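These are my notebook entries on one structure. I set down each thing I looked up and what I found.

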Amino acid sequence: MTIAPEKKDATGNSNKMLFAMVGIGLMCALLIVLTYEGTKPIIAKNKAAALEQAIFKVLPGTATTAGYVWTGEAFAPLDDTGADGKRIYAGFSESGELTGFALPATGQGYAGDIRVLYGYDPAQEALVGFYVLESKETPGLGDKIEKDAAFLANFEALSVALNADGSALKEEVQYAKSGEKENPWEIDGITGATISSRAVTEALSASTAEWVPKIYQTKDQFQPQSQSHE
Amino acid sequence: MNKPTDKPGFFAALEDSPSADTFLRGLWKDNPVFVQVLGMCPVLAVTNTAENALAMGLATAFVLLMSNVLVSSLRQFIPKQVRIASYILIIATFVTITDYAIQAISVELHKSLGAFISLIVVNCLILSRAEAFASKNKIGQSVLDALGMGVGFTFALLCLGVVREVLGNGSIFGLALFPDTFQEWIVMVLPAGGFFTLAIWLLLFNILKQKRATT
């Protein structure tokens with residue numbers, strides 16, 4: 001058995017293999033780029049629409065929305081520069097009055113992060129809406145945070161009133177066992193979804209404690225604009 | 001594969017034609033889930049509702065069809081030594097395309113299918129059809145094979161999805177079936193329910209097959 005002819009074969013073959021792999025690779029890359037470019041505007045539009053729908057859900061009576069980003073000292077209108085920072089969305093009624101603010105918050109649930117959007121109404125000093133943007137909670141148990149009517153009723157008017165000098169919340173949002181809610185700043189948990197409802201409470205508690213005072217102090221600067229969020 | 005049968009009527013005629021046989025094999029005789037037991041990850045994980053099952057089945061069928069077409073048309077060109085790498089590359093491309101397409105169709109749907117779209121890449125059903133069929137047959141036959149297997153896979157996923165959604169959630173395609181007094185079997189929408197449902201379907205299929213074999 002000689003090795004020489006096989007070697008010759010191998011060089012010829014490796015060239016062929018190289019061409020085949022590079023050719024297929026290029027073709028695949030082209031296909032992916034074409035699809036990416038083709039679907040990009042549609043996907044961006046869908047995501048923006050989904051977010052806008054969520055804002056409408058958490059802020060009753062909202063007709064238009066505007067995005068803002070926290071620059072460190074104040075909220076600046078969200079533009080296409082993609083500035084980093086906490087994003088909030090202001091909602092306005094048809095007559096141009098401020099209906100409130102929608103804020104995203106994230107908590108550690110039973111199965112990964114739970115991303116929620118909540119509506120804050122500075123006139124009532126209360127949370128007025130709640131929507132789960134993303135969760136991987138167990139169907140039938142943890143996902144009750146999206147469906148349980150008694151739990152969602154917590155967010156019809158959850159008090160986040162400020163203290164006298166407006167620097168912090170009078171009472172932070174707290175968790176209460178199911179059926180033991182006594183104060184307007186407590187969230188009534190769900191039996192069988194303790195971890196998930198506690199995660200939501202913690203996400204809201206941390207987020208409201210940090211952002212509600214900042215928004216309340218600057219609430220007069222928010223005016224309806226023609227620009228909308230991304 | 002293609003011997004004449006003595007069954008009367010439509011199905012006999014179908015089974016005698018080689019193209020229809022290719023198609024029907026995937027749909028019924030070699031059903032990817034109930035007979036070949038391939039691609040169990042999506043079968044168990046994404047069938048908690050009928051809608052998810054249908055979307056997953058269609059996405060897989062699309063990837064299967066496109067990869068079969070491409071593998072079959074490039075079969076003279078791909079050297080034997082790098083064929084698996086080439087197939088995976090082709091499959092991965094179409095999975096990525098599907099991923100973008102689903103995002104463009106509905107953000108909600110993309111949310112509920114989650115990571116399982118990307119995992120179509122490693123669905124052994126698709127690689128097995130590329131290797132066992134498309135790399136050895138003409139494009140027309142490969143298309144039929146992909147359609148048969150794809151429809152068969154979707155059908156199987158739907159079988160599981162419908163049962164699990166009705167029992168676990170009291171609804172079908174999101175429409176409530178029962179009054180509020182219905183106590184949902186939550187276990188059916190959890191992973192364990194997937195195993196139960198699959199086992200029962202496999203049992204039914206094997207009983208059917210045995211009955212056919214004896215008669």
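**Entry 1. A loop residue in chain A**

In which loop is the place of A:Glu171? I found A:Glu171 in the loop between E7 and strand E8 (174–176) of chain A. I note at the outset that this is a predicted model.

**Entry 2. Chain A as a whole**

I listed 4 helices and 9 strands in chain A. Following the sequence, I wrote down the pattern α-β-β-β-β-β-β-α-α-β-β-β-α. Chain A has 230 residues, and 32% of them are buried. I also looked up contacts between residues at least 6 apart in the sequence of chain A, and 60% of these join residues at least 24 apart.

**Entry 3. The sheet of chain A**

Which order do the strands take in the open sheet? I recorded E2-E1-E3-E4-E5-E6-E7 for the 7 strands of this sheet in chain A, with antiparallel pairing. E2 and strand E7 (158–159) of chain A stand at the edges; each has a single partner strand, so one side of each is left without a neighbour in the sheet. As background, I noted that strands of a sheet pair through backbone hydrogen bonds, either parallel or antiparallel.

I went through several pairs in turn.

- Strand E1 (residues 64–70) and strand E2 (residues 75–77) of chain A run antiparallel and are joined by 3 bridges. Here A:Trp70 stands opposite A:Phe75 in E2(A).
- The hairpin of E1(A) and E2(A) has 4 residues between the strands, and A:Gly72 in this hairpin takes a positive phi near 120°.
- E1(A) is joined to strand E3 (residues 87–92) of chain A by 6 bridges, and this pair is antiparallel. The bridge partner of A:Thr65 is A:Gly91 in E3(A).
- E3(A) is joined to strand E4 (residues 98–109) of chain A by 4 bridges, again in an antiparallel arrangement. A:Gly91 stands opposite A:Gly100 in E4(A).

I next looked for a helix against these strands. Helix H4 (residues 194–217) of chain A lies across E3, E4 and strand E5 (112–121) of chain A, and it runs at about 135° to E4(A).

Which phi does A:Glu125 have? I read a positive value of about 50°, although A:Glu125 is not a glycine. A:Glu125 is in the loop between E5 and strand E6 (126–134) of chain A. With 16 other C-beta atoms within 10 Å, A:Glu125 is partly exposed.

**Entry 4. Two helices of chain B**

How do helix H4 (residues 50–73) and helix H7 (residues 124–134) of chain B cross? Their axes come within 10 Å and cross at roughly 30°. Angles under 35 degrees count as roughly parallel, and H4(B) and H7(B) are therefore roughly parallel to each other. The crossing of H4(B) past H7(B) is right-handed.

I listed the residues that meet: B:Val63, B:Leu64, B:Ser67, B:Asn68, B:Val71 and B:Ser72 from H4(B), and B:Leu125, B:Ile126, B:Arg129, B:Ala130 and B:Ala134 from H7(B). By type, the residues of this contact are 7 nonpolar, 3 polar and 1 charged.

I then checked burial in H7(B). Its buried residues are B:Leu125, B:Ile126, B:Leu127, B:Arg129, B:Ala130, B:Phe133 and B:Ala134. Their cover includes H4, H5 and helix H8 (139–169) of chain B.

**Entry 5. Where the chains touch**

How many residues of chain B are in contact with chain A? I recorded 24 residues of chain B, in contact with 23 residues of chain A. Helix H5 (83–105), helix H6 (107–113) and helix H9 (186–189) of chain B each supply at least two residues of the side of chain B that touches chain A. The largest share of that side, 11 residues, comes from H5(B). The residues of that side divide into 15 nonpolar, 7 polar and 2 charged.

Notes. Residues are numbered from 1 along each chain as its sequence is written. Chains are lettered from A and ligands numbered from 1 in the order in which they are written. This is a predicted model: local features need pLDDT of at least 70, side-chain atom pairs count only at pLDDT 80 or more; totals for chains, interfaces and linings use all residues. A residue is buried if 20 or more other C-beta atoms lie within 10 Å of its own, exposed if 12 or fewer, and partly exposed in between; C-beta atoms are placed from the backbone. Two residues are in contact if their C-beta atoms, placed from the backbone, lie within 7 Å. Ala, Val, Leu, Ile, Met, Phe, Trp, Tyr, Cys and Pro count as nonpolar, Asp, Glu, Lys and Arg as charged, and the others, Gly among them, as polar. Two strands pair if DSSP finds at least two bridges between them. Axes are lines fitted to C-alpha atoms, for helices over the stretch in contact, and angles run from 0 to 180 degrees between N-to-C directions. Angles under 35 degrees count as roughly parallel, over 145 as roughly antiparallel, 65 to 115 as roughly perpendicular and the rest as oblique. A crossing is left-handed if the near helix is turned anticlockwise from the far one by less than a right angle, and right-handed if clockwise.
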